[in-house]
2 protein chains.
Amino acid sequence: MKKYIDILKRNHLFSGVSEENIEAIFSCLSATFKEYKKGEYIFRQGEHIENICILLSGSVHIQSDDYWGNRSIVSEVTSGEMFGESYAVHGSSAVLNDAVATSDSTVAFLNVNRLMTVCSNSCVFHSTVIKNLLFSLTHKNRNLMQKLTHISKRTTREKLISYLSNQAKLTGSNSFSIPFNRQQLADFLSVDRSAMSNELSKMKTEGLLNFDKNNFTLL
Amino acid sequence: MKKYIDILKRNHLFSGVSEENIEAIFSCLSATFKEYKKGEYIFRQGEHIENICILLSGSVHIQSDDYWGNRSIVSEVTSGEMFGESYAVHGSSAVLNDAVATSDSTVAFLNVNRLMTVCSNSCVFHSTVIKNLLFSLTHKNRNLMQKLTHISKRTTREKLISYLSNQAKLTGSNSFSIPFNRQQLADFLSVDRSAMSNELSKMKTEGLLNFDKNNFTLL
DNA sequence: CTCGTTTTGTTGTAAAAACAACAGAAATGT
DNA sequence: ACATTTCTGTTGTTTTTACAACAAAACGAG
């Protein structure tokens, strides 16, 4: 717990909550911790979960594989971020995606039912955390909308441009690195990897952009 | 106001709140009402909004048109539903989509800042409404994920199957009607209308499904 | 360092989608 | 009831994508 406090302090869920109170909340929500090796699943499609997941170290992909084996990566979760909360809050509805560790990871689990019910210990931070959770959800919502605008583009090139210019905007620079390798980027944009590689090469020769591995520069 | 109370009672935002208290909340959040003709915009891409919108009558599409005129319909809002809340809660971030009335509509606007701050009138329903808002957001999140699974399918046929089987599941029947005409369905699934029409016809001749206008039956 | 594995780019081919144009059907307004 | 507009299905052509196969490069484990 102690070693992750700095990461948790940066989590939006605990914005406006002091270190001691974060610990109090963790205790109040009966937090547990678990380590995952690269490739292990934190939860799977169809399961029912009732814990909010917070990634303390490593990285996680929210994704789903369909009947034919096509993978779709919904989002990448980085250290300090939360995931699974949309399902945990309504434990009744089955999870639509898998959460898989893409590198060795540590995850904290917080009981969401305890969060939503009044705390008998008169833990005054419940309402703050609930509001923070609400903010996080609106943020995720906007991210999903943004992703929709990318993959609703008709051609691979347009999808790439939509995604890459958004990344440039987010980082505030024409040069940036992306958190995906080629296959993952293709799965994120819902296109074929080789066709996408081909399109990237064309765009490079046309002078639209430059890239080396995961580092891109828009020109 | 009075004439819409039945609609509002069904809104998840006011779940567990009595009629009188709904009125109190409307007063507390300085609700305003506005009528829109078919085709009019409630808000537009790039704007900043600070009111939660509740559709009291009519229907609204959340959509965006890109530089080339391609339209993407994110979701359909039906009577009693809420929209715009993901942007209103953080007034700072610009709206990513247009909200347009697809039929003559009435919309109620609720000031979200008042909701998030402690009510000086010691209006005890704030916390209930905030929790309801949180539930609604998780619901929308799951809907967006669901939509992602549809449009991340590679072929038009797979997109159609993914969407239509989900509709069948939601209505609990193999026969159901959809809230879109052909062009709107194409814009929702991010495909070309004529190609989609063509694919639907093929599926009909193959005996996969039947349709007449907006009424579909999966076989 | 070396061998085996993974990642990436490249090419060719087959399948699918976008696009465009149009005709008939349905809906709408007067 | 009629004229006009919108909606839907159909067809043919062009563009784009998926798919498959492969070689070079990069990476990792021993």
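## Area buried between chain A and chain B

In this predicted model, chain A and chain B bury about 3900 Å² between them. Carbon and sulfur atoms give 67% of that area. The contact draws on 38 residues from chain A and 38 residues from chain B.

## Polar contacts and salt bridges between the chains

Between chain A and chain B, 10 residue pairs are in polar contact, counting pairs with both residues at pLDDT 80 or more. The interface of the two chains also holds two salt bridges. One of the two joins the side chains of A:Lys153 and B:Asp66, with a distance of 3.9 Å from N to O. This pair counts as a salt bridge because the rule asks for a side-chain nitrogen of Lys or Arg within 4 Å of a carboxyl oxygen of Asp or Glu.

## The side of chain A that touches chain B

Which elements of chain A each supply at least two residues of the side that touches chain B? They are β4 (71–78), α3 (85–88) and α5 (126–151). The element that gives the most to this side is α5(A), with 17 residues.

Sorted by class, the side of chain A that touches chain B is made up of 16 nonpolar, 12 polar and 10 charged residues.

## The surface near DNA strand D

Around DNA strand D there are 18 residues. Those that come nearest are A:Thr156 and A:Asp192 from chain A, and B:Arg182, B:Ser197 and B:Ser201 from chain B. By class, the surface near DNA strand D has two nonpolar, 10 polar and six charged residues.

Helices from both chains take part: α8 (193–205) of chain A, and α7 (182–189) and α8 (193–205) of chain B, each supply at least two residues of the surface near DNA strand D. The largest share comes from α8(B), which supplies five residues.

## Which parts of DNA strand D are met

Of the atoms of DNA strand D within 4 Å of the protein, 63% belong to sugar or phosphate, and the rest belong to bases.

Individual atom pairs show both kinds of partner. On the phosphate side, a polar side-chain atom of B:Arg182 lies 2.8 Å from a phosphate oxygen of DNA strand D. On the base side, a polar side-chain atom of A:Ser194 lies 3.2 Å from a base nitrogen of DNA strand D.

Notes
Residues are numbered from 1 along each chain as its sequence is written. Chains are lettered from A and ligands numbered from 1 in the order in which they are written. This is a predicted model: local features need pLDDT of at least 70, side-chain atom pairs count only at pLDDT 80 or more; totals for chains, interfaces and linings use all residues. Side-chain values use heavy atoms; hydrogens and water are left out. Contact means heavy atoms within 4.5 Å. Buried area is the accessible area (1.4 Å probe) that two parts lose on being put together, summed over both. A polar contact is a pair of N or O atoms within 3.5 Å; within protein, one must be able to donate a hydrogen and the other to accept it, and residues adjacent in sequence count only if both atoms are side-chain atoms. Helices (H or I, at least four residues) and strands (E, at least two) are DSSP runs, numbered from the N terminus. Ala, Val, Leu, Ile, Met, Phe, Trp, Tyr, Cys and Pro count as nonpolar, Asp, Glu, Lys and Arg as charged, and the others, Gly among them, as polar. A residue is near a molecule or strand if one of its heavy atoms lies within 4 Å of it.
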